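Follow the strands of this sheet step by step, with the structure open beside the text.

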Amino acid sequence: MAVTTHDTPARRALVVRGGWEGHAPVEATDMFLPYLREHGFEVEVHDSLDVYADAEVMAATDLIVQCWTMGTIEKDQFSGLAATVAAGTGFAGWHGGIADSFRNTNHYLHLVGGQFATHPSRPAEQCVGEQQDNYLPHRVNVTSDHEVVAGIEDFDLDTEQYWVLTDDLIDVHATTTHPAREDQPWHREVTCPAVWTRNWGEGRVFVATPGHSVDVLEHPSVRTIIERGLLWAAREQAGEQR
C-alpha cells in the first residue's frame with residue numbers, strides 16, 4: 001500500500017523494469033520506491049513492456065520510471081508510451097535503463113533525446129577481462145542551476161563513463177569529458193551530457209547517465225539528482241504550474 005504525506009490525492013508512478021540483468025533493474029528501482037511513496041505516489045511495478053500498450057493504465061499515470069536496458073519494444077507498446085508522454089506523463093530513468101533501451105527503435109531515441117554510444121574501457125594492458133575493465137575515474141561537472149542539480153558540486157565517480165549521442169532539444173545540467181588518449185581513435189577531448197531534461201509535448205523527460213550499479217546509485221550526488229529528476233518529470237497536481 002502506498003504511503004502518502006499529502007492531503008491531495010496520490011499521483012500514480014509506473015515503474016517498468018527488465019531487459020539486461022547487468023544493470024540490476026530490480027535492485028536499482030527498489031531503491032527509489034520508498035522515496036516515491038513518501039512523496040505522495042501510488043507505485044505500480046511491471047516487469048513487462050505490455051503495460052505501455054494499456055491505454056487505461058497509461059492515461060492514469062503521472063510518472064513512468066523505466067529501467068530496461070537494451071531489448072526490443074513492439075510498435076503498440078512504443079506508440080502507447082510516446083502518446084502518454086506527449087499528453088503530459090513524465091518519463092524518467094538513469095544509465096542504460098533509459099539511454100540504452102530499444103536500440104532498433106529510432107522513434108524511441110527521438111523521444112529520449114540521447115543514446116548510449118559506448119563507454120570507453122581502460123587501456124588494453126590494464127584490462128583483465130572483467131566488468132571493471134570499463135570502469136574509469138572521471139568527473140561529473142554540474143553546468144546549470146536547474147532544480148535537479150541546484151547546490152550540487154562537481155563530483156567524481158569510478159564507474160562506466162557514458163559517451164552519448166544527443167540532439168539540441170535537450171537541456172543539459174551536467175556533463176562529463178572523455179580525454180584524448182593515445183590508445184583511442186579520437187583526437188581531442190569529447191564532452192557529453194551526463195544529466196539532461198527534455199520537454200516533449202505536454203510531458204517531461206529526465207535522464208541521468210550515471211547509475212551502472214547499485215553502489216553508483218547510492219552516491220549521494222547521483223541519488224539526489226535522480227530523486228529530484230523523478231519529481232521534476234512527474235505530471236503536476238491540479239493547481240501546480242510548470
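In this predicted model, V142 has A174 in strand β9 as its bridge partner. V142 belongs to strand β6, which covers residues 136–142. β6 and β9 run antiparallel and are paired over two bridges.

Now look along β6 itself. L136, H138, V140 and V142 lie on its covered face, whereas P137, R139 and N141 lie on the uncovered one. Why do the two sets alternate along the chain? In a regular strand, neighbouring side chains point to alternate faces of the sheet.

β6 has another partner, strand β7, made of residues 155–159. Five bridges hold this antiparallel pair. At P137, the residue standing opposite in β7 is D158.

Return to A174 in β9. A174 also has a bridge partner in strand β10, namely V195. β9, residues 171–178, is joined to β10 by seven bridges, and the two strands are antiparallel.

W200 stands opposite G203 of β11. The hairpin formed by β10 and β11 has two residues between its strands, and in this hairpin G201 adopts a positive phi near 60°.

Key. Residues numbered from 1 in each chain as written. Predicted model: local features only at pLDDT ≥ 70, side-chain atom pairs only at ≥ 80, totals over all residues. Heavy atoms only, no water. Pairing = 2+ DSSP bridges. Helix = DSSP H or I, 4+ residues; strand = E, 2+ residues; numbered from the N terminus. Buried < 20%, exposed > 50% of the residue type's maximum accessible area, 1.4 Å probe, protein only.
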